[in-house]
Amino acid sequence: MGFPDRIERTVDIAHPPAKVWAALTTAEGLGTWFGNQASIDLRPGGDAEMKWDEGHKANMRVERVEEPEIFGFTWNIYGLPDEDPRRTYVEFTLVPNGEGTRLTVVESGFSQLPDDVHRVAFEGNTTGWAAELGELIEYLDAA
């Protein structure tokens, strides 16, 4: 039996796609709801980085930008050293839903990992996405 390769979460957000898009694709947005500080070059091949006050950071490479519907990036895998070349791919899909947005996030690429690393990364990110999407909604509601 293989390991699960992807995490998928869908949430309905009571804000229009343009507002959700800005929260996902700007340094201000990412650095508020997701990390504590962020930078982003919003173009395919562009670099992005998020930092947390606890000292953790995520290096990202922008892979897909189809405003205002799809934003995708690769990033380092939780539990592996920053210099490890393996990455997972994260893709956000935004679909208008009445006056709001149905947001789906899919993170894939976990099946490339050995058992011990897979368990840590997959479980950590499964829990992480549930928490982070809640923080995204709180950020949008407060804005």
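A residue counts as exposed when its relative accessible area is over 50%, and as buried when that area is under 20%, with partly exposed in between. Glu 28, at 61% relative accessibility, therefore counts as exposed, and this residue is found in helix α2, which covers residues 27-34. The model described here is a predicted one, and its secondary structure comes to 3 helices and 7 strands.

**Overall form**

- Read from the N terminus on, the elements of the protein follow the order β-α-α-β-β-β-β-β-β-α.
- For 143 residues, a compact globule would have a radius of gyration near 15 Å, and because the protein has 15 Å, the value agrees with that expectation.
- The C-alpha trace of the protein spans about 45 × 30 × 30 Å along its principal axes.
- Buried residues make up 41% of the 143 residues of the protein, while the accessible surface comes to about 7400 Å², with 50% of it belonging to carbon and sulfur atoms.
- Among the contacts in the protein with a separation of 6 or more, 47% are accounted for by residues 24 or more positions apart.

- In contrast to the exposed Glu 28, the buried residues of α2 are Gly 29, Leu 30, Gly 31, Trp 33 and Phe 34.
- Glu 28 and Ser 39 are separated by 11 residues in sequence, and their C-alpha atoms lie 8.2 Å apart in space.

**Charged side chains and salt bridges**

- The protein carries 12 positive and 26 negative side chains, and the centres of these two sets lie 4 Å apart.
- Side chains of opposite charge can pair when their charged atoms come close.
- The structure holds 10 salt bridges, and one of them joins the side chains of Glu 8 and Arg 6 at 2.4 Å from N to O.
- Both partners of that pair are partly exposed, since Glu 8 has a relative accessibility of 41% and Arg 6 has a relative accessible area of 45%.
- Another salt bridge is formed by Arg 61 with Glu 63, where the closest N and O atoms are 2.7 Å apart; Arg 61 is partly exposed, with a relative accessible area of 39%, and Glu 63, at 29% relative accessibility, likewise counts as partly exposed.
- Arg 64 and Glu 91 also meet through their side chains in a salt bridge, at 3.0 Å from N to O.
- Because Arg 64 lies in strand β4 (residues 57-66) and Glu 91 in strand β6 (residues 87-97), this pair ties together parts that are 27 residues apart in sequence.
- Within the pair, Arg 64 counts as partly exposed at 29% relative accessibility, whereas Glu 91 counts as buried at 17%, a value that falls under the 20% limit.

Conventions: Residues numbered from 1 in each chain as written. Predicted model: local features only at pLDDT ≥ 70, side-chain atom pairs only at ≥ 80, totals over all residues. Heavy atoms only, no water. Salt bridge = Lys/Arg side-chain N within 4 Å of Asp/Glu carboxyl O. Buried < 20%, exposed > 50% of the residue type's maximum accessible area, 1.4 Å probe, protein only. Helix = DSSP H or I, 4+ residues; strand = E, 2+ residues; numbered from the N terminus. Rg over C-alpha atoms; globule rule 2.2 N^0.38 Å. Contact = heavy atoms within 4.5 Å. Areas by Shrake-Rupley, 256 points an atom, 1.4 Å probe, with all protein chains shown as cover. Lys, Arg positive; Asp, Glu negative; His and termini not counted. Charge placed at Lys NZ, Arg CZ, Asp CG, Glu CD.
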